[in-house]
Amino acid sequence: MTATTLAAKLNTARKQYPGQFWMLYAGMLISRTGSSLIWPFLMIFIANKLGLALTAASSLMTIRAVAGLGASFIAGSLVDRFGRKWSMVISLVAIGASYFLFPFMETFIAFALLMAFRGAVQPLYAVGANAMVADLIPEDERIDAYALMRLAGNVG
């Protein structure tokens, strides 16, 4: 594929979807990229602060994942109740606040509780964003739109 062909395809995709979709796309890309850059250093920080092996510190990622899995069962009803935008805002603010709280944690249990909290609020953003895509994009174009959102998450 030549550069001009790729540019033409990107320009066509840009025109195909509304600006709100591209804002969601950019937000997903930036959010996932930031998280991917932070997590390795956060695990090193926790391991050093608590005097743990990296494998023990990385078990906190499992706690976050399990909390996220559990929260994903109720995230849809919460997003429907509070609205897509506010669910996403609450999720992003809570996740951002958690980054500021990490330096104040002193024990493994404190870190585990904070990671569980992060895992519990994270699905609110993903569910809200997916619901917003469904609101913005006509049904016959959603497969490609969701594929682009997934691409943004994976690239990040």
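Q: What makes Arg118 count as lying over the face of Tyr99?
A: Arg118 lies 4.7 Å from the ring centre of Tyr99. A charge sits over a ring if NZ of Lys or CZ of Arg is within 6 Å of the ring centre and within 35 degrees of the ring normal, and Arg118 is accordingly listed over the face of Tyr99.

Q: What kind of model is this, and which residues and atoms count?
A: This is a predicted model, in which local features need pLDDT of at least 70 and side-chain atom pairs count only at pLDDT 80 or more, whereas totals for chains, interfaces and linings use all residues. Residues are numbered from 1 along each chain as its sequence is written, and side-chain values use heavy atoms, with hydrogens and water left out.

Q: Which residue lies over the face of Trp39?
A: Arg64 does, at 4.9 Å from the ring centre.

Q: Why is the pair of Trp39 and Tyr99 called tilted?
A: Rings of Phe, Tyr and Trp (its six-membered ring) pair if their centres lie within 6.5 Å; planes under 30 degrees apart count as stacked, over 60 as edge-to-face and the rest as tilted. The centres of Trp39 and Tyr99 are 6.4 Å apart and their planes stand at 55°, so the pair is tilted. A search of the whole structure finds seven aromatic pairs, and ring pairs also link Tyr17, Phe21, Trp22 and Tyr25 into a cluster.

Q: What makes the pair of Trp39 and Tyr99 a tie between parts that are apart in sequence?
A: Trp39 belongs to helix H2 and Tyr99 to helix H4, so the pair joins parts 60 residues apart in sequence. Helices (H or I, at least four residues) and strands (E, at least two) are DSSP runs, numbered from the N terminus. The protein has six helices and zero strands.

Q: Are Trp39 and Tyr99 buried or partly exposed?
A: Buried means under 20% relative accessible area, exposed over 50%, and partly exposed in between (1.4 Å probe, protein chains only). Trp39, at 11%, therefore counts as buried, while Tyr99, at 23%, counts as partly exposed.

Q: Why does Ser98 count as buried?
A: Its relative accessibility is 1%, so Ser98 counts as buried. Ser98 is found in helix H4 and touches Leu114 and Arg118, leaving aside residues up to four places away in sequence; contact means heavy atoms within 4.5 Å.

Q: Why is Ala65 called partly exposed?
A: Ala65 has a relative accessible area of 45%, and therefore counts as partly exposed. Ala65 lies in helix H3.

Q: What makes up the largest nonpolar core?
A: A nonpolar core is a set of buried Ala, Val, Leu, Ile, Met, Phe, Trp, Tyr and Cys residues joined through side-chain atoms within 4.5 Å. The largest has 14 residues, and those with the most contacts inside it are Leu42, Met43, Ile46, Leu60, Phe102, Phe111 and Met115. Helix H2 (19-50), H3 and helix H5 (108-136) each supply at least two of its residues. A second, separate core of 13 residues includes Tyr17, Phe21, Leu24 and Met88.

Q: Which residues does Phe111 touch?
A: Not counting residues up to four places away in sequence, Phe111 touches Phe45, Ile46, Lys49, Leu50, Leu60, Phe102 and Met105.
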